[in-house]
Amino acid sequence: MAMARDSLLPSFFSKVNMHTQVPVKSTILTSLVAATLSFCMDVEQLAGMVSVGTLLAFTMVAISILILRYVPPDEVPLPSSLHVTPRLCGSVVILV
């Protein structure tokens with residue numbers, strides 16, 4: 001969800017249910033893919049895919065870190081929830 005908010009994954013994965021604050025759509029999609037694979041494959045094949053999945057997750061995180069490391073900060077699109085707008089309250093600046 002955080003990677004989708006940073007525009008590293010499609011925005012579909014960043015949608016959060018307003019009531020439960022859980023990414024329901026991406027959870028359902030991931031569950032359907034996992035259920036389909038478990039119906040179609042043997043346990044031995046699935047066990048082999050666990051290591052491949054771990055490697056893929058590590059690779060995605062490493063690539064994302066490289067992108068965020070080498071792209072200038074003013075060019076990285078930030079979600080609206082991370083924008084800070086300073087307001088003056090007397091002589092004190094309040095960050096909202």
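## Ser26 and its contacts

Leaving aside neighbours within four places in sequence, Ser26 is in contact with Phe12 and Phe13. Contact means heavy atoms within 4.5 Å. This is a predicted model, where local features need pLDDT of at least 70, side-chain atom pairs count only at pLDDT 80 or more, and totals for chains, interfaces and linings use all residues. Residues are numbered from 1 along each chain as its sequence is written, and side-chain values use heavy atoms, with hydrogens and water left out.

Ser26 lies in helix 2, which covers residues 24-40. Helices (H or I, at least four residues) and strands (E, at least two) are DSSP runs, numbered from the N terminus. Is Ser26 buried or exposed? Ser26 is buried, because its relative accessible area is 12%. The cut-offs are simple: buried means under 20% relative accessible area, exposed means over 50%, and partly exposed is in between (1.4 Å probe, protein chains only).

One of its polar atoms lies 3.1 Å from the backbone oxygen of Pro23. A polar contact is a pair of N or O atoms within 3.5 Å; within protein, one must be able to donate a hydrogen and the other to accept it, and residues adjacent in sequence count only if both atoms are side-chain atoms.

## The aromatic pair

How many aromatic pairs does the structure hold? The structure holds one. The rings of Phe12 and Phe13 have their centres 5.5 Å apart and their planes at 75 degrees, so the pair is edge-to-face. Rings of Phe, Tyr and Trp (its six-membered ring) pair if their centres lie within 6.5 Å; planes under 30 degrees apart count as stacked, over 60 as edge-to-face and the rest as tilted.

Phe12 has 35% relative accessibility, so Phe12 counts as partly exposed. Phe13 has 24%, so Phe13 counts as partly exposed.

## The nonpolar patch

Phe12 also belongs to a surface patch. Together, Phe12, Leu29, Val33, Leu37 and Met49 make a nonpolar patch of about 380 Å². Patches are made of residues with over 30% relative accessible area and no salt bridge; like charges are joined within 9 Å, and nonpolar side chains (Val, Leu, Ile, Met, Phe, Trp, Tyr) within 5 Å. A salt bridge is a side-chain nitrogen of Lys or Arg within 4 Å of a carboxyl oxygen of Asp or Glu.

Which element gives the most to the nonpolar patch? Helix 2 does, with three residues. Met49 lies in helix 3, residues 43-70. Met49 counts as partly exposed because its relative accessibility is 34%.

Ser14 lies in the loop between helix 1 and helix 2. Its relative accessibility is 17%, so Ser14 counts as buried. A polar atom of the Ser14 side chain lies 2.7 Å from the backbone oxygen of Ser11. Not counting residues up to four places away in sequence, Ser14 touches Met1, Ala4 and Arg5.

Ser51 is found in helix 3. Ser51 counts as partly exposed, because its relative accessibility is 48%. The side chain of Ser51 reaches the backbone oxygen of Gly48 at 2.9 Å.

Gln21 lies in the loop between helix 1 (2-5) and helix 2. Gln21 is not a glycine, yet it has a positive phi of about 60 degrees. Most residues other than glycine have a negative phi. Gln21 is exposed, because its relative accessible area is 54%.

Ile67 lies in helix 3. With a relative accessible area of 39%, Ile67 is partly exposed. Ile67 and Leu8 are 59 residues apart along the chain, and their C-alpha atoms are separated by 9.0 Å.

## The whole chain

The protein chain has three helices and two strands. From the N terminus on, its elements run α-α-α-β-β. Among contacts between residues at least 6 apart in sequence, 19% join residues at least 24 apart.

What share of the 96 residues counts as buried? The share is 7%. The accessible surface of the chain comes to about 8,000 Å², and 70% of it belongs to carbon and sulfur atoms. Accessible areas come from the Shrake-Rupley method with a 1.4 Å probe; for residues, only the protein chains shown count as cover.
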